[in-house]
Amino acid sequence: MKLAIDTFACDSGKSGFGSYLTGLTANLPAQDGVEYALFGAPLDRYTYSANVPFCEVRCGDSMNAQRFWHNFSSARFYKKNKIDAVLYPAATRLMPGRFSVPSAAVLHDSLSKILAKSRFSHRLALRAFGRVQKIIVPTNFIKNDLLSLGFDGKKIAVVRHGIDHNLFYQRPLEDQATLNVKPFAIKRPYIIYASSITGAGKKHIELIKAFEIFKKRTDAPHRLVLAGAENAWGEQVHKAAFESPYSSDIFLTGFFPREGFPLLCAGADACVFPSVQEGVGLPVVEAMASGVPVAASNSGALPEICAGKAVLFDSDNLEEMAAAIETVATDKKARSKMIVEGLAWSKKFNWQECAAKTVEVLQAAAE
């Protein structure tokens with residue numbers, strides 16, 4: 001059986017889609033009678049696992065050209081290359097409207113949330129979710145959303161994403177007053193929130209206000225580090241940080257280079273994740289794997305992802321969020337318990353298991 005994986009629309013490894021595909025392809029299980037292949041733009045030939053053969057597809061760099069290929073040329077490609085089943089890791093961006101070979105689509109976020117954007121191109125692609133043989137989701141939160149939209153539960157498989165435990169692990173940094181992680185030198189102790197600054201649902205402004213309450217209440221030395229790429233909403237967050245009486249203790253890094261992020265994460269005293277629109281929320285698992293206690297929103301998939309190993313709070317209740325920050329940053333007993341439990345829980349998120357289960361689902365789609 002020849003199983004193929006589509007690398008289109010995964011941003012050549014430089015986005016969440018790309019990180020998922022990188023981890024998956026590096027851990028595909030060796031099985032008798034199973035052959036793997038990657039296909040996509042020529043640029044991706046050397047992006048993902050060198051151990052998996054790559055088939056170049058020359059159809060143009062624009063999204064419209066790639067959509068055209070998926071809808072009108074992919075069937076011939078699959079037949080020519082004797083492909084038995086296809087995995088679409090960036091299914092909300094690119095996959096055919098109809099399927100000439102058995103297929104599985106990976107859905108990384110709530111479909112209701114994606115549909116709410118009402119973009120015509122999204123809607124064209126999302127029609128295919130009703131036709132694809134299998135849908136792979138990383139959380140029960142996303143599965144339940146699909147069920148609420150009328151999808152057949154038999155076609156939905158919950159497969160946890162992995163994290164790279166060679167990058168995210170507990171490090172002996174207690175004696176370092178300043179963390180030198182290119183391109184920054186960041187004074188410790190600090191609290192980290194690693195998420196793109198892209199809208200009100202990420203709750204950066206509420207976090208800044210809760211941080212102010214925490215500082216007034218405790219006079220703790222902690223800084224707040226907000227690490228993530230920004231869009232126009234970033235202006236509002238910068239304004240809130242600038243106007244804060246603790247502005248000198250609030251640091252916005254902008255996009256943080258992926259190679260330095262594991263050290264930035266491990267150097268934090270605590271991770272606070274107030275977003276209310278997460279379908280997964282892997283940064284909290286990466287923090288746990290780094291030995292960092294976590295406080296997170298009680299919305300979206302975060303309660304499921306944290307599984308009782310973090311302090312949960314209502315992101316619209318500033319006092320409650322401030323109290324959660326105080327617990328994870330200053331309560332030694334609570335911190336110790338969360339660190340031990342978080343380290344153990346994070347081990348359940350590994351790429352070997354994710355890849356093995358994903359292949360099982362793809363094989364089931366082909367049967």
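**Entry 1: H7 against H12**

I began with the contact between two helices. On the H7 side I listed Glu206, Leu207, Lys209, Ala210, Phe211, Ile213, Phe214, Arg217 and Thr218. Facing them in H12 are Leu318, Glu319, Met321, Ala322, Ala323, Ile325, Glu326, Ala329 and Thr330. Sorted by class, the contact of H7 with H12 holds 11 nonpolar, two polar and five charged residues. I note that this is a predicted model.

Next I looked up the geometry. Two packed helices are described by the angle between their axes and the distance between the axes. H12 covers residues 318–330, and its axis comes within 8 Å of that of H7. The two axes cross at roughly 60°. That angle makes H7 oblique to H12. I recorded the crossing of H7 and H12 as right-handed.

**Entry 2: the sheet**

I then turned to the strands. In what order do the six strands of the open sheet run? I read E12-E11-E10-E13-E14-E15, with parallel pairing. Strand E12 (250–254) and strand E15 (311–313) are the edges, and each pairs on one side only. From one strand to the next the twist averages 20°.

I checked one pair in detail. Strand E10 spans residues 190–194 and strand E13 spans residues 270–273. They pair in the parallel sense over two bridges. Which residue of E13 is the bridge partner of Ile192? I found Cys271.

**Entry 3: H7 on the sheet**

I went back to H7, residues 204–218. Which strands does H7 lie across? I noted E10, E11 (223–227), E12 and E13. Helix H7 runs at about 170° to E11. So far, then, I have H7 lying across strands of the sheet and meeting H12.

**Entry 4: H10 against H13**

Helix H10 takes in residues 282–289, and helix H13 residues 332–346. Their axes come within 7 Å and cross at roughly 115°. The crossing of H10 and H13 is left-handed. H10 supplies Val285, Met288 and Ala289 to the contact. H13 supplies Gly342, Leu343, Trp345 and Ser346.

**Entry 5: the whole chain**

Last, I took the overall view. The chain has 14 helices and 15 strands. Its radius of gyration is 21 Å, close to the 21 Å that the globule rule gives for 367 residues, so the chain is as compact as a globular protein of that length. The C-alpha trace spans about 65 × 40 × 35 Å along its principal axes.

How values were computed. Residues numbered from 1 in each chain as written. Predicted model: local features only at pLDDT ≥ 70, side-chain atom pairs only at ≥ 80, totals over all residues. Heavy atoms only, no water. Pairing = 2+ DSSP bridges. Helix = DSSP H or I, 4+ residues; strand = E, 2+ residues; numbered from the N terminus. Axes fitted to C-alpha atoms, helices over the stretch in contact; angles between N-to-C directions. Contact = heavy atoms within 4.5 Å. Left-handed = near helix turned anticlockwise from the far one by under 90°. Parallel < 35°, antiparallel > 145°, perpendicular 65-115°, else oblique. Nonpolar A, V, L, I, M, F, W, Y, C, P; charged D, E, K, R; others polar. Rg over C-alpha atoms; globule rule 2.2 N^0.38 Å.
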